[in-house]
Amino acid sequence: MKPAADNEKMDPDREPRIATHVAAKRPGAWAVRIPAAVLFLCCGAVLAVAVYLKPDPHGMGTHQQLGLQPCGMVLMTGYPCPTCGMTTAFSYLVRGQVLSAIYAQISGFVLAVLTIAVAVGSLWTLVFGHPPRVAWRVATPFRLMFTLLLLILGGWVVKIAVGWLDGSLPVPVADRRW
């Protein structure tokens, strides 16, 4: 019997085979679980605050329950800023009011769903010691930032369009006090 290397003739036009499954040293369980715990606590804190806050029926202004000022853009122009309604969308979603969350701010709804997904993924990592499989090659930093920018700007356009259609925008001067 000939060795395996003798069975394969070297062809000058053929590329040599390179092992693609080189065993990489996996990080220890704590090296994976500690960042997952921090991520889980951060997502959990955001979601806990969303549970604590009562969604504002105007579709924006929920953040004022945290002692923050009303949106300056709404006060000056009567139109929402790109992030108006995000806190409200989070607050509606954690209550299971999906349609209200989408109506308040569609990009806030998407970010709330992603926050829940990251919390679940980090909990998975805490329990099993390895993160769930994700195609990170597709999620480059540029693509993530570009997608986030499009999501926020798109949500802003939708919020303004829906406000025009339902008559809630521009906010009348007398109602800009929230």
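This is a predicted model: local features need pLDDT of at least 70, side-chain atom pairs count only at pLDDT 80 or more; totals for chains, interfaces and linings use all residues.

**Exercise 1.** Find where His63 sits and what its side chain reaches.

*Solution.* Start with the position: His63 belongs to the loop that runs between helix H2 (29–52) and helix H3 (72–77). Next, follow the side chain of His63, which comes to 2.8 Å from the backbone oxygen of Gln69. Finally, look at the surroundings, setting aside neighbours within four places in sequence: His63 contacts Leu68, Gln69, Pro70, Cys71 and Thr87.

**Exercise 2.** Describe the largest pocket: its space, its lining and the residues nearest its centre.

*Solution.* The space in this largest pocket comes to about 570 Å³. Its lining has 18 residues, and Leu114, Ala117, Val118, Val134 and Trp136 lie nearest the centre. Two or more lining residues come from each of H2, helix H6 (106–128) and helix H7 (141–166). H6 has the largest share, six residues. By type, the lining holds 14 nonpolar residues, four polar and no charged.

**Exercise 3.** Now do likewise for the second largest pocket: which element gives the most to its lining?

*Solution.* Begin with the space, about 330 Å³. Of 20 lining residues, His58, Tyr103, Lys159, Asp166 and Ser168 are the closest to the centre. Helix H5 (98–104) and H7 are the elements that supply two or more. H7 gives the most, six residues.

Conventions: Residues are numbered from 1 along each chain as its sequence is written. Side-chain values use heavy atoms; hydrogens and water are left out. Helices (H or I, at least four residues) and strands (E, at least two) are DSSP runs, numbered from the N terminus. A polar contact is a pair of N or O atoms within 3.5 Å; within protein, one must be able to donate a hydrogen and the other to accept it, and residues adjacent in sequence count only if both atoms are side-chain atoms. Contact means heavy atoms within 4.5 Å. On a 1 Å grid over the protein atoms alone, a cavity is a set of points where a 1.4 Å probe fits but cannot get out, and a pocket is an open set with protein on both sides within 12 Å along at least five of seven lines; lining residues have an atom within 4 Å of a point. Grid points are joined across faces, edges and corners, and a volume is the space filled by probe spheres set on the points. Ala, Val, Leu, Ile, Met, Phe, Trp, Tyr, Cys and Pro count as nonpolar, Asp, Glu, Lys and Arg as charged, and the others, Gly among them, as polar.
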